[in-house]
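Please look at the sequence and the 3D structure below before reading on.

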Amino acid sequence: MAVIFERTEGLTDKDTHYCPGCTHGIIHRLAAESLTELGVLGEAIGVCPVGCAVMAYDYFNCDMAEAPHGRAPAVATGIKRVHPDSVVFTYQGDGDLAAIGTAETVHAAARGENITVIFVNNAIYGMTGGQMAPTTLPGQVTQTTPYGRDTAYSGFPLRVCELLAAVDGVAYAERVAVNTPAHIRAAKAAIKKAFQAQIDKKGFSIVEVLSTCPTNWGMTPVEALGWVEEKMVPYYPLGVTVDRTEKGVRG
């Protein structure tokens with residue numbers, strides 16, 4: 001019988017710890033497939049965050065490092081400068097990247113560090129029980145906003161790709177989703193392009209992925225997929241916000 005679908009070489013055979021319906025597993029696969037298809041899995045070094053993906057080193061079949069909370073871009077910067085021929089990526093959630101790690105993210109981008117960031121936006125703090133995150137939508141109910149996020153009190157959500165669009169060191173930034181087959185295919189293309197930008201020494205690249213958190217949203221997996229489409233995509237439009245990959249190579 002012909003094999004038409006199998007586990008990518010970029011992932012280990014360990015079962016993940018993620019909640020039912022969580023789309024971290026899909027994003028892991030897309031990143032791993034991209035590294036494999038680009039022929040750079042053996043040169044890849046990933047940096048895990050603090051958050052739901054804290055144990056991503058168990059799943060990616062490449063060298064991995066663990067970073068303190070929010071510091072993945074700083075750790076990745078050090079790794080890339082010591083190993084400039086490696087393909088270095090961070091895998092981060094919204095609390096890690098856009099709250100405690102905002103400075104690391106912005107300044108790595110401003111310096112044009114030749115790394116790739118995979119940013120998982122599920123609009124909530126997942127690992128710690130469902131508190132409001134920097135990406136929590138206006139009116140969204142969380143453990144710390146039981147009456148919904150009040151922008152007059154808590155401010156507005158951060159649109160990270162739009163924020164980084166003004167930073168000259170960013171070579172490529174795109175927002176994608178993984179709630180439908182079509183979106184998953186587009187997400188893989190974006191992740192692959194972000195890695196290619198690094199391989200081509202174009203500078204900082206980031207892919208923001210709209211993801212689900214059925215457990216902390218209080219939804220079934222199917223409801224959560226629909227919520228991404230109905231609530232998240234209108235606030236966080238999908239598409240490319242920066243593409244400077246046709247510009248010159250960075251040192």
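The text below describes these topics in turn.

This is a predicted model, in which local features need pLDDT of at least 70 and side-chain atom pairs count only at pLDDT 80 or more, while totals for chains, interfaces and linings use all residues. Residues are numbered from 1 along each chain as its sequence is written, and side-chain values use heavy atoms, with hydrogens and water left out.

**Strand β4**

Helices (H or I, at least four residues) and strands (E, at least two) are DSSP runs, numbered from the N terminus. Strand β4 covers residues 116–121, and six of its six residues are buried, so the strand is largely enclosed by the rest of the structure; here buried means under 20% relative accessible area, exposed over 50% and partly exposed in between, with a 1.4 Å probe and protein chains only. In a regular strand the side chains alternate between the two faces of the sheet. In β4, T116, I118 and V120 point one way, whereas V117, F119 and N121 point the other way.

On a 1 Å grid over the protein atoms alone, a cavity is a set of points where a 1.4 Å probe fits but cannot get out, and a pocket is an open set with protein on both sides within 12 Å along at least five of seven lines; lining residues have an atom within 4 Å of a point. Grid points are joined across faces, edges and corners, and a volume is the space filled by probe spheres set on the points.

The largest pocket has a volume of about 220 Å³ and is lined by 20 residues, of which V50, G51, C52, G93 and G126 lie nearest its centre.

**Residue T145**

T145 lies in the loop between β4 and α5 (151–154), and this residue counts as buried because its relative accessibility is 7%.
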